Amino acid sequence: MILMKRKYFHFRAVYMIALSVALTLIVNAQVWKPDANIERRVDSLLALMTLEEKIGQLNQMDARWDPEQRRNVITPEQGELLKKGLIGSYLNIIGAEVTKDFQRVAVEESRLGIPLIFGYDVIHGYRTIFPIPLGTASSWNPIAIESAARIAATEATTAGLHWTFAPMVDIARDPRWGRVAEGAGEDVYLGSEIAKAAVRGFQGKIFSDLTTIAACAKHYAAYGGALAGRDYNIVDISERTLRETYLPPFKAAVDAGVMTLMSAFNEISGVPATANNFIMTDVLRNEWGFNGFVVSDHSAVMELLHHGVATDTAEAAVKALSAGVDMEMVTGFYLKKIAGAVKSGKIQVSVIDESVRRVLRVKFALGLFENPYRNCDPSRESKEILTQKSRAFARELAGQSIVLLKNEGNILPLKKDMKTLAVIGPLADNTMDPLGSWSAQGRAEDVVSVLQGFKSGVSSSTKILYSKGCEIATSDTSSFAEAERIASQSDAVVLVVGENRDMSGEAASRSMIDLPGVQHDLIKRIHATGKPVVLVLMNGRPLTIPWEAEHVPAILETWYLGVEAGNAIADVLFGTVNPSGKLPVTFPRNVGQVPLYYDFKNTGRPPSQEKYTSKYLDVPNTPQFAFGHGLSYTKFEYSKLTLNKKTMKRNEPLIVTAQVKNVGTRAGTEVVQLYIRDLVGSVTRPMKQLKRFARIDLKSGESKTVEFTLLPEDLMMYDIDMKRIVEPGKFKVFVGTSSVDVIETEFEVGR
Ligand code: BGC
């Protein structure tokens, strides 16, 4: 056992970012299927359980927080429930000691001793906070994202946890929706690759390993389609859009072995996700073969009443459970109502048995029956959290998550030995906001602010002058004058502006997505000093910044980078790290263009000089910054786009190669992107769809040939009869540095 442990500690120590050209070589895990032994154990346990005990396994609760003891405590009422085996899981209880107390009652004082499973939102780190998911998605580096999830899992498991409510794999195409921050952006393929990576990272290689936590792909499904970007709003989409855009990352997570899913709050075209038999049972279980369990989102079963699809709590509980929502988060409707519903014939015991089976399977697989206190060892808590190694990795990943949006006149990188540098803005000396939303046990005191990062990033002779300039979201301009004064005394100005961290995430939609407060006015005033200005943006969604995009020479999108934010920003600004991030989401010019995404369709009247074409009178159709865009301090040139054949059969692979040359003067990393377009189909097809990408390192002057293999499934689509097939006909293939800057060729698929 000790040897085994050691081996996996070694495994965890390998946090290096590997070249993601190796991406295509990753062996995908399988849909998770417990072995026959687990199935046997589940069946024999199920045979011993009373109806009440079964329902107990489907009940997840919050525990009471005692502010004096500063920990969760077992109330007498919950103590009784635990002893009767009526609680199957808790959320938000953290700590080796405290989880042990709860677990002890469940295991040692209940009739069957079934262990609890403890869940928590470990979204982008537990204590070592990494960039927000939209940030790490900008690295286009699934291997690094997997490593970050591994570290998060290791840390979380020191605190008694078995299960994280992550990754969020919702495709988000409306930047007004605050939860765009929590996912991988707008693209189906990138989102699916990242979903798989996160699942692999959280769940590790062996489920019973001490550092494994069960992952949870959420929010199933189409939550990101909220009308008008307003959180929790209705979603009205066709089955085609559901299957083509919103479901693939969930399918990818299932194919990577994810053990749980979370049902979404929203309705999908009239049927709330939490009562949606089609997505929960027909698709998830019957089509995809998912064997794990689905937990409802927080109070989502109760919300079926608000949706107006259930007249009372019993009907809500029956609808959710019958649809395939196995565990209910927080409101206790299953516990209170399902037994009665069985008696009155509204639900069959076999439905409950199936849900209990799914929950028990996960508990067995995690080794909880062998070792219910597996994550309750306080000695690990102090040793394995926020280590130097994790911080170093967080810095590296944060550096890769930064997107250089603009660099006119190559004013970046800044010289480390300039005489005076002004650092201005409400996010410059800020250690709270870089944590982003859902920062688990992340602490402001762990965060390196931009100002701190700069102080250690520049030479000792450089004088740094700092002014806050203004608050993030007030109308107070009283500090403008001081900011102007220090700007005029400096050789260059770095302006650190954006949103505060509560402006994105859950329940944080905005109807206007410009820079809040008077930050835009501050930028204009500083720009007017004539000094070279670099804009560092910190925000959880694409912003509309048309004036800045036109007038400010250099702009960096940094999202919220986590504990190493300041160091990573300094690394990029002063050229220690050459930026390589690419946007995983489109930046619109104004909110009126929303939703705006790269894989749009042509329409019958594509935009042209003609009046009666699909466009606006007051803004072009093009984005401010396109999906896949991101500059480097060097330049890459694309050529020699070659296919191994020009015509192919439907079931054949296609090999695409292109040459990429670093024609600049410094080494850099490029994310090479491959898109396709199916020119004519039985139904309309997007103008471009991302199908492959690879991060490659190139020294100055170096060329590499990048090879991608497209498989038949990459060309598949839902045809007019909703069958997933490859249709014969012509395709375009594009390879390039962003979704708009590409070289292209064609091939044809025969009958
Ligand atoms: C969120 C979920 C989260 C859950 C538990 C809900 O409000 O929508 O994403 O996992 O709370 O904290």
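Predicted model: local features only at pLDDT ≥ 70, side-chain atom pairs only at ≥ 80, totals over all residues.
**Exercise 1: Ser439**

Find where Ser439 lies, decide whether Ser439 is buried or exposed, and list what Ser439 touches.

*Solution*

Step 1. Start with the location: go to the loop that runs between β14 (420-424) and α18 (450-457), and you'll find Ser439 there.

Step 2. Now check the accessibility. Ser439 has a relative accessible area of 10%. Buried means under 20%, so Ser439 counts as buried.

Step 3. Next, look at the neighbours. Leaving out residues up to four places away in sequence, Ser439 touches His124, Tyr126, Ile129 and Arg501.

Step 4. Pick out Arg501 from that list: its side chain and the side chain of Ser439 are joined by a polar contact of 2.9 Å.

**Exercise 2: the ligand**

Work out which residues are closest to the ligand, and what kinds of residues make up the shell around it.

*Solution*

Step 1. Count the surroundings first: the ligand has 13 residues around it. The closest are Asp121, Arg179, His219, Asp297 and Glu506.

Step 2. Sort the shell by type, and you get six nonpolar, two polar and five charged residues.

Step 3. Zoom in on some side chains. Asp297 has a polar side-chain atom 2.6 Å from an oxygen atom of the ligand. For Arg179, an N or O atom of the side chain is 2.7 Å from a ligand oxygen atom. With Glu506, the distance from a polar side-chain atom to an oxygen atom of the ligand is 2.8 Å.

Step 4. Finish with the cover: the ligand taken alone exposes 310 Å², and the protein buries 93% of that.

Key. Residues numbered from 1 in each chain as written. Heavy atoms only, no water. Helix = DSSP H or I, 4+ residues; strand = E, 2+ residues; numbered from the N terminus. Buried < 20%, exposed > 50% of the residue type's maximum accessible area, 1.4 Å probe, protein only. Polar contact = N/O pair within 3.5 Å; in protein donor to acceptor, adjacent residues only side chain to side chain. Contact = heavy atoms within 4.5 Å. Near = heavy atom within 4 Å. Areas by Shrake-Rupley, 256 points an atom, 1.4 Å probe, with all protein chains shown as cover. Nonpolar A, V, L, I, M, F, W, Y, C, P; charged D, E, K, R; others polar.
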